[in-house]
Amino acid sequence: MQFVLLAVVVPRNRADRAIEIVRREGAAGLTLLEGQGIAQLRRAPVMDLRDSSARNVLLMVLEAQLAARLLKQLDTELRLSEAGNGFAFTLPIKDIAGIKPEQIEHLRKTLEQGPPPQQG
C-alpha cells in the first residue's frame, strides 16, 4: 500500500467546506494548520503591496488512490482552478513512523468498503 501526503491550502472561509468534502469521501483524519499567504500583487507594483490573506492548510496521510480521488473531488467542488480559491497537491511518502500495522489494516478494510453512504 503506497501512502502520499495530500496538502490542501484554502482561504479560511472555505476550510470547513474542504473538511466536509474529505470526510464525506472517506478520509479518516487530518491536521489543520492556520497560515497566511504572502504573494506579490501585480496590480499595485508602485506601492509594493502584498497579499497576506488568511489561509488554512489541511494535511492528510492517505493511500495513493484515495488521495487522487479526493484531489479530483476537491478541485471540482471548491473550483480550485479559479483564482483565489486555493490549491491542493500530493507528495509521495517514502518512509513513515507513528502509524501502527493495525491502523494500516483498518485503512485497507475501509478502502475496500468504499466511502460511507451520504446522509440526506
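The largest nonpolar core comprises 19 residues, among which Met-60, Leu-62 and Leu-74 have the most contacts inside it; a nonpolar core is here a set of buried Ala, Val, Leu, Ile, Met, Phe, Trp, Tyr and Cys residues joined through side-chain atoms within 4.5 Å, and buried means under 20% relative accessible area, exposed over 50%, and partly exposed in between (1.4 Å probe, protein chains only). Two or more residues are given to this core by each of strand 1 (3-11), helix 1, strand 5 and helix 2. The model is predicted, and local features need pLDDT of at least 70, side-chain atom pairs count only at pLDDT 80 or more, and totals for chains, interfaces and linings use all residues. Residues are numbered from 1 along each chain as its sequence is written, and side-chain values use heavy atoms, with hydrogens and water left out.

The protein chain contains three helices and six strands, arranged along the sequence in the pattern β-α-β-β-β-β-α-β-α; helices (H or I, at least four residues) and strands (E, at least two) are DSSP runs, numbered from the N terminus. Of the 120 residues in the protein chain, 28% are buried. Among contacts (heavy atoms within 4.5 Å) between residues at least 6 apart in sequence, 75% join residues at least 24 apart.

Helix 1 (residues 15-24) packs with helix 2 (residues 64-78) at an angle of about 140°, their axes lying 10 Å apart; axes are lines fitted to C-alpha atoms, for helices over the stretch in contact, and angles run from 0 to 180 degrees between N-to-C directions. Helix 1 is therefore oblique to helix 2, given that angles under 35 degrees count as roughly parallel, over 145 as roughly antiparallel, 65 to 115 as roughly perpendicular and the rest as oblique. The contact involves Arg-17, Ala-18, Ile-21, Val-22 and Arg-24 of helix 1, together with Leu-70, Gln-73, Leu-74, Glu-77 and Leu-78 of helix 2. Leaving aside neighbours within four places in sequence, Leu-74 is in contact with Leu-6, Val-8, Ala-18, Ile-21, Val-22, Arg-79 and Leu-80.

Arg-55 lies in strand 5 (residues 54-63) and is buried, with a relative accessible area of 19%. Beyond its neighbours within four places in sequence, Arg-55 is in contact with residues including Val-9, Val-10, Pro-11, Arg-12 and Glu-34. Leu-59, also placed in strand 5, counts as partly exposed at 26% relative accessibility. Not counting residues up to four places away in sequence, Leu-59 touches Leu-5, Leu-6, Ala-7, Leu-30, Thr-31 and Leu-33.
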